[in-house]
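The following report describes the fold of a single chain and then turns to selected residues. Please keep the sequence and the structure in view while reading.

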Amino acid sequence: MELLHADVTSTILKGFYAVANDIPFGLDKSFYCNALTIDLQQSGLKIDNYKTLDVKYKDSVTIDLVVNNAVLVNILSEDALISPEKIELSKNYLRLSNFEVLLILNFGIEAEHKRIFLSNDYKSR
């Protein structure tokens with residue numbers, strides 16, 4: 001069984017690790033976001049930076065990147081590993097939107113990523 005949007009997420013992860021290997025830890029998150037945007041655009045992907053998502057209630061939320069209008073990307077620059085709280089927050093972004101795939105990319109001391117999938121079939125209407 002192939003992962004949903006596997007081609008897009010694969011390209012994103014290649015770009016993420018390329019940027020993480022070239023740029024040292026400790027910079028502002030926006031620096032990594034801009035560098036990744038450039039890398040992904042050069043790979044032929046369509047990027048929306050800091051996009052405001054309409055959620056299914058009364059609010060909206062801003063996500064770091066939306067790639068090919070298919071994958072949400074949450075960028076971190078933290079020295080710790082991706083926390084369970086960050087994972088739960090990201091799951092909520094998916095629960096409250098029409099997107100099904102989200103990548104958390106941590107440009108930390110050690111680069112780390114998490115892929116989250118939540119099918120629209122299982123979201124409350």
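In this predicted model, contacts between residues at least 6 apart in sequence were sorted by their separation, and 54% of them join residues at least 24 apart. Two residues are in contact here when heavy atoms lie within 4.5 Å.

**Overall architecture**

The chain contains three helices and five strands. Their order along the sequence is α-α-β-β-β-α-β-β. The radius of gyration is 14 Å, close to the 14 Å that the globule rule gives for 125 residues, so the chain is as compact as a globular protein of that length. The C-alpha trace spans about 45 × 30 × 30 Å along its principal axes.

How much of the chain is buried? Of its 125 residues, 42% count as buried, a class that requires a relative accessible area under 20%.

The charged side chains comprise 13 positive and 17 negative ones. The centres of these two sets lie 8 Å apart.

**The aromatic residues**

A pair of aromatic rings is described by the distance of the centres and the angle of the planes. In the whole structure, a search finds four aromatic pairs. One of them joins Phe16 and Phe107: the ring centres are 4.7 Å apart and the planes stand at 75°, so the pair is edge-to-face. The cut-off behind this conclusion is that planes over 60 degrees apart count as edge-to-face.

Which parts of the chain does this pair tie together? Phe16 belongs to helix α1 (residues 6–22), whereas Phe107 belongs to the loop between β4 (101–106) and β5 (112–117), so the pair links parts that are 91 residues apart in sequence. Phe16 and Phe107 are both buried. Together with Tyr17, Phe31 and Tyr32, these two residues form one aromatic cluster.

**Partly exposed residues**

| Residue | Location | Relative accessible area |
|---|---|---|
| His5 | segment before α1 | 27% |
| Tyr50 | strand β1 (residues 47–54) | 36% |
| Asn68 | loop between β2 (60–67) and β3 (71–76) | 32% |
| Glu88 | helix α3 (residues 84–95) | 39% |

Partly exposed residues fall between the buried class, under 20%, and the exposed class, over 50%. His5 is partly exposed, with a value of 27%, and Tyr50 is likewise placed in the partly exposed class at 36%.

The backbone of His5 has a phi near 60°, a positive value in a residue other than glycine. Tyr50 is not a glycine either, yet its phi is positive, at about 45°.

Which residues does Asn68 touch, if those up to four places away in sequence are not counted? They are Val8, Leu45 and Lys46. Asn68 and His5 are 63 residues apart in sequence, while their C-alpha atoms are 9.7 Å apart in space. For Glu88 and Asp121, the separation is 33 residues in sequence and 19 Å in space, again from C-alpha to C-alpha.

Notes
Residues are numbered from 1 along each chain as its sequence is written. This is a predicted model: local features need pLDDT of at least 70, side-chain atom pairs count only at pLDDT 80 or more; totals for chains, interfaces and linings use all residues. Side-chain values use heavy atoms; hydrogens and water are left out. Helices (H or I, at least four residues) and strands (E, at least two) are DSSP runs, numbered from the N terminus. The radius of gyration is taken over C-alpha atoms; the globule rule is 2.2 Å times the number of residues to the power 0.38. Buried means under 20% relative accessible area, exposed over 50%, partly exposed in between (1.4 Å probe, protein chains only). Lys and Arg count as positive and Asp and Glu as negative; His and the chain ends are not counted. The place of a charge is taken as NZ of Lys, CZ of Arg, CG of Asp or CD of Glu. Rings of Phe, Tyr and Trp (its six-membered ring) pair if their centres lie within 6.5 Å; planes under 30 degrees apart count as stacked, over 60 as edge-to-face and the rest as tilted.
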